[in-house]
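Subject: Structure handover

Hello,

Here is the structure I promised to pass on. My notes on it follow below.

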Amino acid sequence: MQWETVIGLEIHAQLSTQSKIFSGSATTFGAEPNTQASLVDLGMPGTLPVLNAEAVRMACKFGLAIDAEIAEKNVFARKNYFYPDLPKGYQTSQMDHPIVGKGHLDITLEDGSTRRIGITRAHLEEDAGKSLHEDFHGMSGIDLNRAGTPLLEIVSEPDIRSAKEAVAYVKAIHALVRYLGICDGNMAEGSLRCDCNVSVRPKGQAEFGTRAEIKNVNSFRFIEKAINHEVQRQIELIEDGGKVVQETRLYDPNKDETRSMRSKEEANDYRYFPCPDLLPVVIEQSFLDEVRASLPELPGQKRERFEREFGLSTYDASVLSASREMADYFEQVYATCGDAKLAANWVMGELSSLLNKEGLDIEQSPVSAEHLGGMILRIKDDTISGKIAKMVFEAMAAGEGSADEIIEKKGLKQVTDSGAIEAMLDEVLAANAEQVEQYRASDEAKRGKMFGFFVGQAMKASKGKANPGQVNQLLKKKLEG
């Protein structure tokens with residue numbers, strides 16, 4: 001039997017506000033446990049929440065960016081459940097009247113095709129605290145610093161059909177919230193977490209299968225692995241005569257498996273009701289107009305501009321616009337060197353390789369965009385060859401200065417004097433007279449292979465400084481003369 005995977009994702013994006021959603025407590029990551037939790041965060045009797053207007057603004061920015069409906073009136077509700085890191089006994093969230101309604105996001109797949117994924121809603125809520133299970137001698141500790149941190153929960157339609165599509169969608173959301181400046185997207189710190197709702201059904205069947213939810217997956221790689229494992233688990237279970245149970249599961253990356261946590265709750269299990277301490281939020285058109293005017297160029301718009309203005313391929317434009325920082329870096333390189341294709345090749349090639357090797361983000365690049373653009377200028381004006389440029393790049397990465405300083409200091413300027421190159425070629429041919437005779441006696445097919453030998457000898461003799469184009473041109477004349 002052929003099976004179809006059906007996936008819906010719930011992404012929790014921690015909003016980059018200076019204070020919590022209902023109190024003035026700080027949201028700084030890494031503070032000492034329980035030093036950033038106020039009486040409001042703890043739900044102490046007599047305290048009242050006050051809504052953070054910046055969280056509302058950020059939610060609206062996201063809604064406008066995905067072409068969604070923004071609710072003129074949205075309401076906060078209490079989601080009631082008990083957990084040790086939820087001291088109030090309820091989470092303030094939104095249920096029937098979320099701030100962001102239906103929207104969509106287009107994703108680009110590995111083969112260059114695009115798909116539109118529907119977004120059901122995005123609502124504001126407060127985060128819970130964190131249970132800590134290490135170094136407590138068999139007990140658990142509770143850190144309430146995170147309690148009350150503003151979250152935007154982004155719920156997709158069940159439109160995703162594979163783990164790779166799921167990763168592409170999460171990457172697209174990740175890029176979007178960073179472009180908008182509403183979330184830093186740091187998955188290692190929990191700023192962006194994903195719940196994966198996974199089910200399978202016989203291909204062609206309209207009805208959905210029973211879904212399992214994999215909670216709090218916090219890396220692109222783990223999202224793909226968790227979904228693939230869960231799909232295989234469900235298929236094998238059904239084919240062996242069993243039934244998938246609606247439940248919440250946890251992904252264990254060490255064992256590469258999902259395991260059951262608890263049965264899956266329904267909305268009525270949480271006994272939602274409107275929060276009596278918070279008034280409905282009314283969003284006026286003038287406020288939305290102001291937010292719309294503040295939107296930056298979005299990832300899709302930037303990709304299209306890179307293709308249109310710079311003549312880049314869809315793939316190159318997609319890679320360079322994947323993050324706002326990468327796009328800004330590329331445009332700064334281009335502004336210096338004036339060659340989009342060379343700039344794209346160096347940013348996506350040598351620079352990205354260096355950053356991956358060193359585990360650095362583009363903002364931490366040891367080679368500035370201005371320095372890289374300056375080096376590309378020296379390639380364009382034939383001061384250095386592409387091969388020498390790699391040596392210059394390594395020296396720039398080591399902090400040895402700009403391309404011009406390194407070229408001057410190390411004497412790396414390319415030899416373009418035809419007379420000097422001809423004299424060097426005469427020496428090379430004289431030293432390899434036997435190979436010259438073999439070349440001249442060979443047919444075209446063999447000559448093509450042997451020609452590379454002479455080019456190699458010539459570049460070796462010039463220590464890589466001779467202009468490769470001139471070497472090829474002059475060498476061909478001498479060998480066939």
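L124 touches L15, I21, A55, V56, A59, F76, S93, Q94, I99, L151 and L152, leaving out residues up to four places away in sequence; contact here means heavy atoms within 4.5 Å. Please note that this is a predicted model: local features need pLDDT of at least 70, side-chain atom pairs count only at pLDDT 80 or more, and totals for chains, interfaces and linings use all residues. Residues are numbered from 1 along each chain as its sequence is written, and side-chain values use heavy atoms, with hydrogens and water left out.

A second, separate core of 38 residues includes V347, I376, I379 and A403. A nonpolar core is a set of buried Ala, Val, Leu, Ile, Met, Phe, Trp, Tyr and Cys residues joined through side-chain atoms within 4.5 Å, and buried means under 20% relative accessible area (1.4 Å probe, protein chains only). The largest core has 67 residues, of which F62, L124, I154, Y169 and I223 touch the most other members. Helix α2 gives the most to this core, with eleven residues. Helices (H or I, at least four residues) and strands (E, at least two) are DSSP runs, numbered from the N terminus.

F76, one of the contacts of L124, lies in the loop between β2 (73–74) and β3 (77–80). F76 counts as buried because its relative accessibility is 1%. Beyond four places in sequence, the contacts of F76 include F22, L51, T92, P274, C275, L278 and V281. P98 is 22 residues from F76 in sequence, with 8.0 Å between their C-alpha atoms.

Helix α7 (residues 324–337) has 14 residues and spans 20 Å from its first C-alpha to its last, close to the 20 Å expected at 1.5 Å a residue (1.5 Å times one less than the number of residues). Its buried residues are M326, A327, Y329, F330, V333 and C337. Seen down the axis of α7, these fall within an arc of 160 degrees, so they line one face of the helix; the arc is taken from the directions from the axis to the C-beta atoms. Their cover includes α2 (163–180), α5 (299–310), α6 (314–320), α8 (340–358) and α9 (369–380). G338 follows α7 and has a positive phi, near 70 degrees.

Finally, D252 lies in strand β12 (residues 247–252) and is buried, at 12% relative accessible area. The side chains of D252 and R259 are joined by a polar contact of 3.0 Å.

Regards

How values were computed:
Buried means under 20% relative accessible area, exposed over 50%, partly exposed in between (1.4 Å probe, protein chains only). A polar contact is a pair of N or O atoms within 3.5 Å; within protein, one must be able to donate a hydrogen and the other to accept it, and residues adjacent in sequence count only if both atoms are side-chain atoms.
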